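Here are my notes on this one, for someone opening it for the first time. Have a look, then read on.

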Amino acid sequence: MSYAGSFIPHTEAEREEMLKAAGAGSLSDLFMDVPAKHRFPKLNLPEPLTEMEARGELESISAANESTNEVLSFLGAGAYSHYVPAGVDTILRRGEYYTAYTPYQPEISQGTLQAIFEYQSLIVALTGMDASNASHYDGATALAEAINMSRVIHRGERRKVILSPGLNPQYRATVHTYEQGFDTTLVGEDSDLNAAPDALIELIDEQTGIVCVAYPDFFGRIYDYSNLAAAAHAKGALLAISVNPTALGLLKTPGEMGADIVTGEGQPLGIPLSFGGPYLGILATKQDYVRSLAGRLVGETVDSKGQRGYVLTLSTREQHIKRERASSNICTNQGLMMLAATVYLSLLGKQGLKQVAESCYHKAHYAADAIGKLKGYKLKFPDIPFFHEFIMESPLAAAELNRRLLEHGIIGGYDLSLDYAALKNCSLLAVTEVTSKEEVDFLVETLAEVSRG
Amino acid sequence: MVEPLIYDLGAPGRRGVAFPEPDVPLADLPAAHLRSELPLPEVGELEALRHFTRLSQLNHSILTGFYPLGSCTMKYNPVINEDTARFAGFAHAHPLQPIEMVQGSLAIMYHLQEWLKEISSFAAVSLQPAAGAQGELAGVMMIRAYHADRGDSKRNKILIPDSAHGTNPATSSMSGYRVVEIKSDPRGNVDLEALKSECDETLAGLMLTNPNTLGLFEEHVEQVIAAVHGAGGLVYGDGANMNALLGICRPGDLGFDVLHINLHKTFTTPHGGGGPGSGPVCVAEHLVDFLPGPISGVVIEPTEGDAPVYGWVMPKKSIGRLKAFHGQFGMHVRAFTYILMQGAEGLRAVSEYAVLNANYLKEKLKGFYHLPYDRTCMHEMVLEGRWPDAPGVRALDIAKRLMDFGFHPPTNYFPLIVHDALMIEPTETEDKATLDAFVAAMLQIAEEAHSNPELLHGAPHTTKYGRMDEVRAARQLVLCCDFRS
C-alpha cells in the first residue's frame with residue numbers, strides 16, 4: 001500500500017480471502033449501489049504524511065501560535081489559565097477512558113459510570129444543588145438547556161425569559177440561537193449595568209419562566225441573589241445561576257441563595273484553554289426538577305451478584321426513547337472533560353480548591369488596587385465585591401491600549417466595548433493563581449508607561 | 001470487592017496537590033458572601049491516582065478490545081492525535097487572543113474546513129457544532145432560516161425515515177418543526193411513494209442518513225432528493241455514517257443541501273467515554289450565508305511569498321453561535337492530524353476496508369442470524385437477535401453473552417424497524433483474526449441460544465460485574481453519594 005498512515009491491518013492475502021468470502025471480486029465491487037457517475041471522486045488533498053512527518057508539521061503549526069505559555073496574559077472572559085496538576089492528564093491519557101464510548105453496557109463500563117457518579121456528587125457538593133447531570137457541552141449550551149428545562153417544567157407556558165446583562169455575551173448569543181424555533185421573549189439584557197441584580201425583579205411577571213444570572217458575573221462581580229430568587233419564586237418563575245466553579249471554592253453556594261438550576265463553565269477545573277474547547281458544561285438542579293434535566297444521568301444500583309454498581313438512568317427523558325417528544329436532542333456528555341474535572345477536584349480536594357480560589361482572589365485584588373491608584377485609570381465598580389476579574393477603565397480605547405501592551409509582551413484584558421456600548425475604554429482583566437506578583441507589577445508599570453505615549 | 005467512591009477514601013485533613021501561598025498582600029475576603037463548608041474529598045495524590053487507574057480497568061475500550069458498536073464507528077484513535085492536540089501552542093491558546101497571535105490555530109481550522117469541503121463536496125463548513133446532535137440542530141436551523149429568508153412561511157414539517165436515529169426527530173422538535181415519519185420499503189430504502197405523498201408546500205425538509213442505519217446505501221437517493229427539492233424542501237444529511245463514503249461518494253454531489261460530520265466517528269477523535277464530540281456542518285452554496293459562526297477565514301490574502309492572514313468571519317445571515325468560542329478545537333487538531341496522515345488514497349482505503357470488514361462479517365453470520373435486508377451492506381449491518389425456535393432469547397442476552405468472550409456488544413434494539421436489532425460496525429482498523437474470533441463467538445452463542453438458553457439469560461459470567469438492576473436505579477433514584485457523612 002502506498003499511503004502512509006492508514007491504520008489498516010489487512011495483508012493482501014487476507015484482503016483477497018475476505019473479498020472472496022463476501023462474494024466480491026474487488027473492493028470497488030462493494031459499491032455498486034452508489035450512482036456510477038458519483039462513484040470514486042478524486043479528492044484533492046495533500047499527499048499523506050508518516051507519523052514522523054505529521055508530528056513535525058503539527059509542531060511547526062503549533063509554534064506559529066504565541067500562546068499564554070509564552071506571553072503574559074490577563075485574558076479571561078469565560079476561559080481561564082489555571083495550573084493543572086500532572087495527575088489529571090495522566091488519567092485522561094488512559095486508553096480505557098478516552099477510547100470508550102457512552103457506557104451503554106454497564107457490566108463493562110463501571111469505570112466511566114462510577115467516574116460520572118463521582119462527578120455528579122462533586123458538582124452537587126460544589127453548587128449546593130441536589131442533582132447534576134453527567135455534563136453538557138459548555139457553559140453557554142448549559143445555560144441554553146436551563147431555558148429548555150424551564151420550558152418543560154412550565155409545560156410550554158411562560159414564554160418570557162429574563163437574561164441579566166451580566167451573563168457572558170457569548171452565552172446570551174447562544175441562547176438567542178437556541179430560542180429561534182420557539183416563541184420566546186428574551187428581556188433584560190439591556191438593563192443598566194450599574195444597577196444591582198435586584199433591578200431585574202421589576203421585569204418578573206406571571207409570564208416569566210426563568211431568570212438567568214451569573215455568579216460571579218461576566219464582570220467578576222459577586223452578588224447575593226437571594227432576593228432575586230425569592231422574587232422569582234413568588235411569581236412562579238425559576239432562577240438559574242451560571243457559575244464559575246473555581247469561585248465556589250470560596251463563595252456561598254447557589255443552592256443557599258435559592259437557585260433552581262445551576263449552569264456553568266467547568267473549564268477552570270483542570271481543562272486547558274485549548275483555544276476555546278473542548279470545555280465542560282455544568283448543569284445541576286433541585287430534586288423537584290431532576291426528571292426535567294437534559295443529558296445523561298448516572299444512578300446507583302446493584303448487580304446480579306449484589307455488588308454496588310452504576311447505570312445510565314431515567315433514559316425515558318432522552319431522544320432515543322422519546323424521539324420528537326424529547327426536550328433536548330443531546331445524546332452524549334463531555335465525558336473526558338467531566339473526568340478531568342473529577343480528577344482535578346479530587347486531587348485539589350477541600351483545601352486545594354479553597355486555596356486556588358483564595359489565591360485568585362488575592363492576586364486579582366492586588367492588581368485592581370494598584371491599577372485603581374494609577375493616574376488616568378480607574379476601576380469601573382470599585383465598591384462591588386469581585387472575584388478574580390474586574391473592569392479597568394483606561395484613558396484610551398481598550399483596543400489601542402491592548403496593542404501597546406502587546407508591544408511590551410502583555411496580552412491585555414478583554415475589550416468590553418465589543419459587547420457593551422456603555423463600556424467604552426473598558427477592559428476586563430483576569431488574574432489567577434498562575435500569575436505572580438512580579439507579573440502584576442510589570443502590568444501596572446507598563447500601563448503607566450503606555451498611557452503616557 | 002467493589003472500588004470505593006472517592007468520598008470513601010482519604011482522611012480528614014489529608015491533601016493531594018498543594019499550591020503556593022499567594023505572593024501578594026492578602027485582601028479582605030467578602031465575609032457576607034463566603035460559604036460555610038466545602039464538602040470535597042480529602043485524598044492523597046497516590047490514593048487518587050490509584051483510584052482512577054483501578055476504575056479505568058473496569059472499562060471496555062477500543063484499546064482493550066473489539067468494539068463493534070453500530071453507528072458509533074469505534075475505530076482506532078491514533079495516539080499521535082493525543083500528542084499533537086496537546087502541543088503547547090495549541091493547549092495554551094486563549095480563544096480571545098488577537099488573531100495575529102493565533103495564526104496556527106486558525107490555520108488548523110481553515111484547512112480542516114477546506115478538507116471537509118473537498119471530502120463531502122460542499123461550498124462551506126462551520127466547525128462550531130460541539131457534537132453531532134448540535135450539527136444536526138445547526139442543519140435544521142439553517143433550513144428554517146433559508147425558508148424564512150425567502151418569505152416562505154408555510155413550511156412547518158420535516159420528514160424523517162423510520163430508520164432514523166432518535167436525535168433527528170428530537171432536533172426537528174427543538175427547531176419548532178412538526179415531524180412526519182416516512183416508512184421504509186422492503187429493501188430498506190426510503191419508500192418513495194410514501195415520501196412523495198408528503199412532498200407538498202408545507203414541506204421544510206427531509207433528514208436523511210445515507211448509508212442509513214441499516215447500513216444500506218439508499219438505492220434511490222437521487223430520486224428521494226429530487227422529490228424533496230421538487231416540492232421546495234431541502235435535504236439534510238446525517239453524516240454519522242460517513243465512514244462508508246470517504247473517496248467513495250460525496251453527499252454534496254448527490255444533491256444534499258446540508259450535512260453534519262462526526263469528527264469523533266469518521267475522523268478518529270476519541271469518543272472519550274461519551275464526549276467531547278465534534279459535529280462540523282457543511283452546506284451547499286445557497287446556505288453558506290446561514291452557517292453558524294464565527295468561522296476561520298482568510299482576512300488578508302497572501303502577497304507573494306507570504307502566508308495569508310486568517311481571522312474570524314461571521315456569515316451574513318448566520319443562525320448565530322451555537323456555543324461559546326469556536327467549537328471543540330482540540331478535536332479539530334486531532335482530525336487535522338488524521339487527514340494529514342491519510343491523503344486521498346488513504347481515506348478511500350478507510351471506507352473500502354470498513355465496508356469489506358462489514359460484508360465479511362455479514363456473510364459469515366447470515367446463515368446463523370436472520371439478516372432482514374440481504375444486500376451488500378456498507379460499513380455496518382443489522383441482524384436480528386432472536387430465533388423463532390429459541391423463543392426465550394433476545395438481543396439483550398446475545399449482547400451480554402458477547403462480553404464473556406471479551407467483546408463489546410453491538411448496538412442493540414436500534415434501528416427500531418428491525419426486531420431485536422443487533423447493529424454491527426467492525427470498522428477498517430480491525431484485522432481478520434479479530435473478526436474471525438468474533439464470528440466464532442457469535443456462532444457459539446447462536447448454538448447456545450438453542451441448547452442452553454439459561455446460559456445466555458445469566459450472562460455475562462466472566463466479567464467483574466453482572467447485570468445491573470436498572471429498574472431499581474430509576475425507582476430508588478440515587479444520583480450522588482452522601483458526601484456529608
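1. Val161(A) has Ile210(A) in β5(A) as its bridge partner. The two strands involved, β3 (residues 160-163) and β5 (residues 208-215) of chain A, pair in the parallel sense over four bridges. Strands here are DSSP runs (E, at least two residues; helices are H or I, at least four), numbered from the N terminus, and two of them pair if DSSP finds at least two bridges between them.

2. A word on the source: this is a predicted model, where local features need pLDDT of at least 70, side-chain atom pairs count only at pLDDT 80 or more, and totals for chains, interfaces and linings use all residues. Residues are numbered from 1 along each chain as its sequence is written, while chains are lettered from A and ligands numbered from 1 in the order in which they are written.

3. Now the whole sheet of chain A: seven strands, open, in the order β2-β8-β7-β6-β5-β3-β4, with mixed pairing. At its edges stand β2 (131-132) and β4 (185-187) of chain A, each with a single partner strand, so one side of each has no neighbour in the sheet.

4. On to the two chains: 172 residues of chain A are in contact with 166 residues of chain B (contact means C-beta atoms, placed from the backbone, within 7 Å). Helix α11 (residues 335-372) of chain A gives the largest share of chain A's side, 23 residues.
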